[in-house]
Amino acid sequence: MADKVRVVVMMGGPSSEHDVSMASGAEVFKALSRTDRFEVQAIMISREGQWNLSNQAPVALPRPGEAADRPMPKEQTIRGIPLLSEADVVFLAFHGPFGEDGTLQGLLQTLSIPYTGSGPLASALAMNKVKAKELYRYHGLTVPQGLALPAKAIRASLSNAVTAVEANLPYPVVVKPNLGGSSLGVSIADNVAQLHDALALAGRFDADILVEEKLSGRELTCAVLEELDGRVRPLPVIEIVPHRGTFFDFASKYEDGGSDEICPADLTEEQSAAVQMMAIKAHESLGCRGFSRSDLFLTERGDLVILETNTIPGMTPNSLLPKAARAAGMSFADLVAHLVLLALEQPR
Ligand SMILES: Nc1ncnc2c1ncn2[C@@H]1O[C@H](COP(=O)(O)OP(=O)(O)O)[C@@H](O)[C@H]1O
Ligand SMILES: [Mg+2]
């Protein structure tokens with residue numbers, strides 16, 4: 001029998017989504033270990049940036065992340081990189097600005113190590129909500145009205161920034177860090193005082209901030225998965241009904257009973273097909289690879305509006321993409337194994 005493929009699952013890191021990543025990584029590790037096709041190891045990167053190689057599944061529960069996405073200390077990274085020589089292929093289980101944003105993808109590419117999911121360019125574009133929206137619009141997808149407030153403009157004058165928002169958008173507005181995830185730093189502002197607080201909060205996560213019209217209607221998410229022959233297949237649409245907060249915030253995403261996730265969503269066949277088409281177009285317009293999950297709204301007027309595309313969506317068995325895959329007849333173990341096989345198929 002041929003040698004087993006050595007898979008290294010990478011997780012953690014100095015990101016505000018450290019814990020969410022540890023939860024994904026632990027589940028991916030366990031699922032890959034259950035088959036005898038792979039020899040599985042983990043590289044866990046601590047919040048401080050230290051790399052640790054282990055052949056055991058980590059234990060982790062998500063809790064709200066810390067604000068600052070810290071830079072990786074150079075010495076730790078240089079010491080960590082040789083651990084990658086253990087890998088025939090890397091399963092990236094990071095979420096957010098560290099690990100999902102294209103930089104690590106670029107490093108792995110440089111090392112000629114195959115890895116799961118999108119390449120450097122698509123990862124970086126998807127992480128940058130402002131740039132992603134420009135591309136969606138270019139490809140004919142509807143995005144929320146909004147404006148970008150670059151760090152420079154906010155630093156120059158917060159009151160001018162507020163004036164610019166009020167000149168362009170009626171309240172309520174949604175304020176979010178341009179680079180971010182897990183709803184960290186996202187809030188809704190109903191008036192000028194809340195807008196100040198919301199800008200300050202988002203500014204703790206990223207210097208550049210995005211302010212959008214608040215959409216109302218039904219919140220949906222739709223994942224797509226590539227086949228080994230390159231075809232892009234949409235998974236069933238999920239509707240999200242948050243209970244904890246007024247939107248799909250961190251608590252409603254990760255706490256028990258935080259939200260209902262209805263899979264498949266109760267939509268007409270036409271609506272469902274239109275959502276799936278949008279998810280495929282979003283995946284393709286950013287140049288994503290392997291898999292992705294797009295968040296969108298079906299507004300009260302019946303328009304489909306896209307918020308963002310996640311190139312490494314949550315990867316526990318209860319996360320949205322695995323849930324959708326299961327509804328399509330694919331177990332979590334089959335899903336993660338498929339992502340590894342896709343990575344090995346990629347010409348690099
Ligand atoms: N323009 C908007 N209108 C209404 N709700 C929004 C809007 N933007 C974000 N939200 C809410 O905030 C959540 C997180 O926003 P999103 O853009 O998906 O960022 P991320 O998931 O990367 O933190 C969404 O799932 C949704 O509940
Ligand atoms: Mg989202």
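**Briefing: helix packing and local backbone features**

In H1, Val28, Ala31 and Leu32 meet Phe332, Ala333, Val336, Ala337 and Val340 of H12. By class, the residues of this contact between H1 and H12 comprise eight nonpolar, no polar and no charged. The model is a predicted one, and its protein contains twelve helices and 14 strands. The radius of gyration is 20 Å, close to the 20 Å that the globule rule gives for 348 residues, so the protein is as compact as a globular protein of that length.

**Overall dimensions and contacts**

- The C-alpha trace of the protein extends over about 65 × 50 × 35 Å along its principal axes.
- Of the 348 residues in the protein, 48% are buried.
- When contacts between residues at least 6 apart in sequence are considered, 69% of them join residues at least 24 apart.

**Packing of H1 with H12**

- Helix H1 covers residues 18-33 and helix H12 covers residues 332-345; their axes lie 9 Å apart and the helices pack at an angle of about 90°.
- Because an angle of 65 to 115 degrees counts as roughly perpendicular, H1 and H12 are described as roughly perpendicular to each other.

**Packing of H7 with H8**

- Helix H7 (residues 158-168) and helix H8 (residues 192-203) have axes that come within 11 Å and cross at roughly 120°.
- The two helices, H7 and H8, are therefore oblique to each other.
- The crossing in which H7 passes H8 is right-handed.
- On the H7 side the residues in contact are Leu158, Ala161, Val162 and Val165, and on the H8 side they are Val192, Leu195, His196 and Leu199.

**Surroundings of Phe297**

- Phe297 belongs to strand S13, which comprises residues 291-299.
- Phe297 has 19 C-beta neighbours inside 10 Å and therefore counts as partly exposed, since a buried residue needs 20 or more.
- Leu215 is 82 residues away from Phe297 along the chain, yet the C-alpha atoms of the two are separated by 7.2 Å.
- Leaving aside residues up to four places away in sequence, Phe297 touches Leu215, Gly217, Arg218, Glu219 and Leu220, together with Val305 and Leu307.

**Cis peptide bonds**

- The bond from Tyr171 to Pro172 is a cis peptide bond, with omega near -5°.
- Pro172 is located in the loop that runs between H7 and strand S6 (173-177).
- A cis peptide bond also leads from Cys263 to Pro264, where omega is near 0°.
- The loop that holds Pro264 lies between strand S12 (259-262) and helix H10 (269-286).

**Positive phi in residues other than glycine**

- Ser112 is not a glycine, although its phi is positive at about 55°.
- The loop between helix H3 (103-110) and helix H4 (120-127) contains Ser112.
- Ser112 counts as exposed because it has 7 C-beta neighbours inside 10 Å.
- Ser183, likewise a residue other than glycine, has a positive phi near 65°.
- Ser183 is placed in the loop between S6 and strand S7 (187-189).
- Ser183 has 18 other C-beta atoms within 10 Å and is therefore partly exposed.

Conventions: Residues are numbered from 1 along each chain as its sequence is written. Chains are lettered from A and ligands numbered from 1 in the order in which they are written. This is a predicted model: local features need pLDDT of at least 70, side-chain atom pairs count only at pLDDT 80 or more; totals for chains, interfaces and linings use all residues. Axes are lines fitted to C-alpha atoms, for helices over the stretch in contact, and angles run from 0 to 180 degrees between N-to-C directions. Helices (H or I, at least four residues) and strands (E, at least two) are DSSP runs, numbered from the N terminus. Angles under 35 degrees count as roughly parallel, over 145 as roughly antiparallel, 65 to 115 as roughly perpendicular and the rest as oblique. A crossing is left-handed if the near helix is turned anticlockwise from the far one by less than a right angle, and right-handed if clockwise. Two residues are in contact if their C-beta atoms, placed from the backbone, lie within 7 Å. The radius of gyration is taken over C-alpha atoms; the globule rule is 2.2 Å times the number of residues to the power 0.38. A residue is buried if 20 or more other C-beta atoms lie within 10 Å of its own, exposed if 12 or fewer, and partly exposed in between; C-beta atoms are placed from the backbone. Ala, Val, Leu, Ile, Met, Phe, Trp, Tyr, Cys and Pro count as nonpolar, Asp, Glu, Lys and Arg as charged, and the others, Gly among them, as polar.
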